[in-house]
Amino acid sequence: MAQKSTELAKVPSSSAEREAAVDVKTLSNRPRGTATSCWSPASWTAKPIKQDVIYDDGQALSKALAKLERLPPVVTPTEICKLKRSLRDVALGKAFLLQGGDCAELFEYCESNMIESKIKLLLQMSLVLIYGAHKPVVRIARMAGQFAKPRSSPTEQYHGKTIPAFRGDNVNGYDPADRIPDPSRLVSAYFHSAATLNYIRASLGSGIADLHSPLDWELGHVKDEKIKLKYERIVDSIAESLRFMKTVGADSAASSLETVDLYTSHEGLLLEYEQSLTRRFKAPMHDTAARLEADNDGTQWYNTSAHFLWIGDRTRQLDGAHVEYFRGIANPIGIKVGPSMVAPELVNLLDIVNPNKEIGKITLITRYGEDKIDSLLAGHIRAVQKSGHTVIWQCDPMHGNTQNTKQGVKTRHFSSILSEVGSALRIHKEEGSFLGGVHLELTGEAVTECVGGSEGLKDEDLNTNYTSYCDPRLNEKQALELAFLVAGFYRNG
């Protein structure tokens, strides 16, 4: 957590504390407003853009955007700044980042059971990671706004005709007859995001994450007895610790054990939508770092559609619209780093979006593939280390490992996902770095979209319950297995 201003005069006792103190000192000495020089929420419109959506009805688009500009924020600056403080801890090695959720949300996923199943899965995974790493876990969901998807082609063939590709529920419909981009879907996306986040907050406030009764976290579709036994042992260990705290009277701060923070995120793809929800607010008074980052009038630009947004691998051009937009917002941001990213480009990109080298502002989400990570990750780590940027390194083992079966069904092999995470852990250790988190496409439902894992799913099993309209996701059992792998690495050194 960021230190209060009254604590800044203390002598830092550890290297991590010294780095944090230097970060605040650097911010206080720089000219204010340099991060957003010549920037506005609309300055991206003067830049070339990739993955843009062309709307036939300009008047309908203007009406939808005007509506969005009048609506209240989905998230608040106070929440955003709280996440930034937590991510600074991740960047300094004092916490671990777990980020996961659907490849692309559908509006129909805004339903209580589906929302609860994802919350429970992320909480269960974080419990395993806390047990293994002995670190706090920062939880960010790919929820409440992850509707849009970049596509390799804007069109596709359907029964001999060329039709627009499905770009996500906030753009068009999956039904071939509903592929014309519809601006009213942008407003629908806002209300579905707000409703989803409202239910997340209500669930957390109602005790879904209360560690006093961890066995109330139903394991759902986890039928593998070995995995269930591992989880139950962890829960028993935590329950025993809580009973001990209560016995010795250390349970007075019980409210801290009854809920958790769960933040929202999505790819910032549709810039018209993001611009409409970008608002200028005073930096929270209690947040020293935020006030030092603010412009001379004490304000900052916040994207209020989500706590955390990321730039995709297809839209990270240095002179492009997306980089221009992202460089001006105060939110913590992610950058997808794929095989086509060269080291000098990565450093230039960091200099553009984080010129003040704010610790934990940037999360680098690496997505190479199991067969490419060994030849790419080390070079990127060295380049960033030399640049002076302190980032969060997060492994996305999903996107580089997608392949098609003989029947043309898109899938991912669980062994490939495990392999890339394991390689990331090893390479970071070899380079004097550390893996700060994982970024996963997952669901709390019993889907059959990724093959392998302890359940032994095979290609012929995929049609059993393949429900994704975009990329294949880990089911609950597979996601928990991955959490045990990462936890095991930390416990075994």
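Visitor: Which side chain does the side chain of glutamate 449 make a polar contact with?

Guide: That would be arginine 473, at 2.8 Å. A polar contact is a pair of N or O atoms within 3.5 Å; within protein, one must be able to donate a hydrogen and the other to accept it, and residues adjacent in sequence count only if both atoms are side-chain atoms. Keep in mind that this is a predicted model, where local features need pLDDT of at least 70, side-chain atom pairs count only at pLDDT 80 or more, and totals for chains, interfaces and linings use all residues. Residues are numbered from 1 along each chain as its sequence is written, and side-chain values use heavy atoms, with hydrogens and water left out.

Visitor: OK, and which backbone nitrogen does the glutamate 449 side chain reach?

Guide: The one of threonine 467, at 3.1 Å.

Visitor: Is glutamate 449 buried or exposed?

Guide: Glutamate 449 counts as buried because its relative accessibility is 1%. Buried means under 20% relative accessible area, exposed over 50%, and partly exposed in between (1.4 Å probe, protein chains only).

Visitor: Where is the place of glutamate 449, and what does it touch?

Guide: Glutamate 449 belongs to the loop between β14 (437–441) and β15. Not counting residues up to four places away in sequence, its contacts include Lys410, Thr411, Arg412, Tyr466 and Asp471. Contact means heavy atoms within 4.5 Å. Helices (H or I, at least four residues) and strands (E, at least two) are DSSP runs, numbered from the N terminus.

Visitor: What's the strand order in the open sheet with β15?

Guide: The order is β12-β13-β15, 3 strands with mixed pairing. β12 (402–404) and β15 (450–451) are at the edges with a single partner strand each, so one side of each has no neighbour in the sheet. Two strands pair if DSSP finds at least two bridges between them.

Visitor: How many bridges are there in each pair?

Guide: β12 and β13 run antiparallel and are joined by 3 bridges, with glutamine 403 opposite threonine 411 in β13. Strand β13 (residues 410–413) pairs with β15 in the parallel sense over 2 bridges, and there histidine 413 stands opposite valine 451.

Visitor: Which residue takes a positive phi in the hairpin of β12 and β13?

Guide: Glycine 408, near 85 degrees; the hairpin has 5 residues between the strands.

Visitor: And what lies across β13 and β15?

Guide: Helix α12 (residues 414–430), running at about 50 degrees to β13. Axes are lines fitted to C-alpha atoms, for helices over the stretch in contact, and angles run from 0 to 180 degrees between N-to-C directions.

Visitor: Switching topic. Which strands form the closed barrel?

Guide: There are 8, in the order β1-β2-β5-β8-β9-β10-β11-β14, with parallel pairing. From one strand to the next, the twist averages 25 degrees. Helix α3 (residues 77–91) packs on that sheet, touching β1 (96–101), β2, β5, β8 (308–311) and β11 (392–395), and its direction makes about 125 degrees with that of β2.

Visitor: What joins β2 to β5?

Guide: 2 bridges, with strand β2 (residues 137–142) and strand β5 (residues 263–267) running parallel. Isoleucine 140 has tyrosine 263 as its bridge partner in β5.

Visitor: Now the nonpolar core. Which residues touch the most other members of the largest one?

Guide: Met125, Ile335, Leu364 and Leu474, out of 105 residues. Helix α4 (residues 112–133) gives the most to this core, with 9 residues. Apart from it lies another core of 15 residues, among them Leu97 and Ile359. A nonpolar core is a set of buried Ala, Val, Leu, Ile, Met, Phe, Trp, Tyr and Cys residues joined through side-chain atoms within 4.5 Å.

Visitor: What is leucine 364 in contact with?

Guide: Leaving aside neighbours within four places in sequence, the partners of leucine 364 include Ile335, Val337, Val391 and Trp393.

Visitor: Last topic: what's the mean pLDDT of the chain?

Guide: The mean is 88, and 87% of the residues reach 70 or more. Over residues 1–34 the pLDDT is below 50, and beyond near neighbours in sequence that stretch has 44 contacts in the model. pLDDT is the predictor's confidence in each residue, from 0 to 100.

Visitor: How many helices and strands are in the chain?

Guide: 13 helices and 15 strands. Of the 493 residues, 57% are buried.
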